[in-house]
Amino acid sequence: MTTTSSASGKPAGEIRVRFAPSPTGYLHVGGARTALFNWLFARGRGGTMILRIEDTDIERNRPELVEGILDGLRWLGVDWDEGPYFQSQRLDLHREAALKLAASGAAYFCDCPPEKYAGGDAVDETEDEKKEQGPRRITRCACREGKPGLSAENAAIRFRVPPGAATQFEDAVFGPREVSNEEIEDFVLLRSPKEGQARGGPTYQLSAVVDDIDMRITHVIRGSDHISNTPKQALLYRALGAAPPIFAHVPLILGPDRTRLSKRHGATSVESYRDEGFLPEAFRNFLALLGWSAGNEEFMRTSEIVERFTLEGVSRTNAVFDRPKLEWFNTQYLQKLPIDELLPFVQGELERSKLWQPEWAGEKREWFSRTVDLLRPRTRLLPDFSTWARAFFSDSFEYDPQAREKFWKDERLGAMLGKLADTLAALTDWNHDACDHALRELAAAEGVKAGLLINGTRVSIVGQAVAPPLFETMLVIGQERVVSRLRLAVEAFAAR
RNA sequence: GGCCCGGUAGAGUAAUGGUUAACUCGUCGCCCUUUCAAGGCGAAGAUUACGGGUUCGACCCCCGUCCGGGCUACCA
């Protein structure tokens, strides 16, 4: 097996990491966080990020899911320098390695039924032994001693775990690890051929290690659910004549009930957060802080996280996914992002909701920018721009029933709205103070508190009880529209 | 069952033997105010899972217990 055939000609000593999802589902938040950590690590030290699709399980594998995973990654802003490689296209390399190991005696052919191995039971134990209480022995079946007539055409290949030794590896998060080989079963490298097949496929252990060697991966950063498999892989590296990489097992993400995050906890796919209207950078910031931290500051632009990220800073404790905190990050980014960085996201949202007008990117860009800037302190998710703030982008909007209920109570309001329309229509200079004075004078003349008119007017021109300060709202909506909306409101008020 | 890893306020983390255990989210209150957010100020909330050690001194080191998680596949 060669270790020099990787696609990149970069110098040795460079950091190379990979994210290796298997297409058995969508990209979930746990996978996304693992991808992010790999990416942060690579980007922070000039390393190379590789994407590899682990699709060796033909039965569970769903190729149509690959594109969704890539989309999720792209949305997250996690890009890669090499790949995606598909393990299904590298099967010969994996088989070759298994055969080579079998030829050298580091592995052997075995045709025991898989059930014999399941559960870690010793297959060759006696009934008496089975009844004994003590710890179960790790499987070492008779094939290990060599069974005639076996080959890759009719048997699986198992790794021969060296007896009487211990296997160690380095984990950047959990520290040095050592496991007695007595705890490691003779795991399968190459499956036995299924009916109609000439040869079996590689298992995860084999293909991952062979590819990691071939791709010259220096740091394997993955979920801590893999930590127990790592001794097997360390053994494999050495048997294949390669030095094991540094491993870094990152803690798992849990649901509110402290069990592993899964569908029943609600949204777990990255795409669902995209669809809800979270900003990718907010999501990234949140994810980065699940199992990693750097001092007291939590709101950190991605560039800053890249700068500060270290494997040593990764926690060993599983973390609970806390949606309210994710939402807090989103509101922070909605408010603090330089406006020009936010605009494309709002544009995307308005395009989705069919409210977008091309001129807002052209001659009316200033207006668009000012309006978004005015709205953003009160938004939580991108769709707020096309739902709650619809009246800022469209003349077709409805009065929110609760807003009407709350602020269209006073009977005198209807008439006042009409008078206000007349007064505002007469204004020659459409600015904040002019609107302010006009409204307050009217309120005084009518003998009502300005608040009554202000609140009633807000509902009239944007249909909502909550909006930015009224006179600034009037400015961005424009004189003509404000006046006509007030006149429409007079009718609606009467018919309410 | 076995092997491994964890356990600091409701959540995420800090403090890696040395003053009243710190920060962020959330919760509650006050200020601001034209609605609601944002923002500002403040409060409540932790016998550092429990029990033993070691030490002048323990969140931190050791042992045990409990709880949680992972692995225990010819899945990845």
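A residue counts as buried if 20 or more other C-beta atoms lie within 10 Å of its own, as exposed if 12 or fewer do, and as partly exposed in between, with C-beta atoms placed from the backbone. By that rule, 38% of the 496 residues in chain A are buried. This is a predicted model, in which local features need pLDDT of at least 70, side-chain atom pairs count only at pLDDT 80 or more, and totals for chains, interfaces and linings use all residues. Residues are numbered from 1 along each chain as its sequence is written, while chains are lettered from A and ligands numbered from 1 in the order in which they are written.

**Overall form**

- Chain A holds 20 helices and twelve strands. Helices (H or I, at least four residues) and strands (E, at least two) are DSSP runs, numbered from the N terminus.
- The C-alpha trace of chain A spans about 105 × 55 × 45 Å along its principal axes.
- The radius of gyration of chain A is 32 Å, whereas a compact globule of 496 residues would have one near 23 Å. The radius is taken over C-alpha atoms, and the globule rule is 2.2 Å times the number of residues to the power 0.38.
- Among contacts in chain A with a separation of 6 or more, 77% join residues 24 or more positions apart. Two residues are in contact if their C-beta atoms, placed from the backbone, lie within 7 Å.

**Nonpolar core**

- In soluble globular proteins, nonpolar side chains tend to be buried together.
- The largest nonpolar core here has 117 residues. Such a core is a set of buried Ala, Val, Leu, Ile, Met, Phe, Trp, Tyr and Cys residues joined through C-beta atoms within 7 Å.
- Leu-36, Ala-98 and Leu-189 touch the most other members of this core. Helix α1 (residues 29-44) gives the most to the core, with nine residues.
- Leaving out residues up to four places away in sequence, Ala-98 touches Ala-107, Ile-157, Leu-189, Leu-190, Pro-202 and Leu-206.

- Helix α6 is largely enclosed by the rest of the structure, because nine of its eleven residues are buried.
- The buried residues of α6 are Leu-206, Ser-207, Ala-208, Val-209, Val-210, Asp-211, Asp-212, Ile-213 and Asp-214.
- They pack against β2 (48-53), α3 (91-104), β8 (188-190), β9 and α7 (230-239).
- Arg-216 is partly exposed, with 19 other C-beta atoms within 10 Å.

**Backbone exceptions**

- Most residues other than glycine have a negative phi, and most peptide bonds are trans.
- Arg-216 is not a glycine, yet has a positive phi of about 55 degrees.
- Arg-258, also not a glycine, has a positive phi of about 70 degrees. Arg-258 sits in the loop between β11 (253-254) and α8 (270-276). It counts as exposed, with 8 C-beta neighbours inside 10 Å.
- The peptide bond from Gly-83 to Pro-84 is cis, with omega near 5 degrees. Pro-84 belongs to strand β3 (residues 82-86).

- The axes of α9 (residues 280-288) and α11 (residues 323-336) come within 8 Å and cross at roughly 135 degrees. Axes are lines fitted to C-alpha atoms, for helices over the stretch in contact, and angles run from 0 to 180 degrees between N-to-C directions.
- α9 and α11 are therefore oblique to each other. Angles under 35 degrees count as roughly parallel, over 145 as roughly antiparallel, 65 to 115 as roughly perpendicular and the rest as oblique.
- On the α9 side, the contact is made by Glu-281, Ala-282, Asn-285 and Phe-286. On the α11 side, the residues are Lys-325, Leu-326, Phe-329, Asn-330, Gln-332 and Tyr-333.
- The axes of α17 (residues 432-446) and α18 (residues 450-462) come within 8 Å and cross at roughly 125 degrees. That makes α17 oblique to α18.
- Leu-439, Arg-440, Leu-442 and Ala-443 of α17 meet Ala-450, Leu-453, Ile-454 and Thr-457 of α18.

**Val-483**

- Val-483 lies in helix α20 (residues 479-494). Val-483 is buried, with 20 other C-beta atoms within 10 Å.
- Beyond residues up to four places away in sequence, Val-483 touches Ala-421, Leu-424 and Ala-425.
- Val-483 and Thr-423 are 60 residues apart in sequence and 9.1 Å apart in space, C-alpha to C-alpha.
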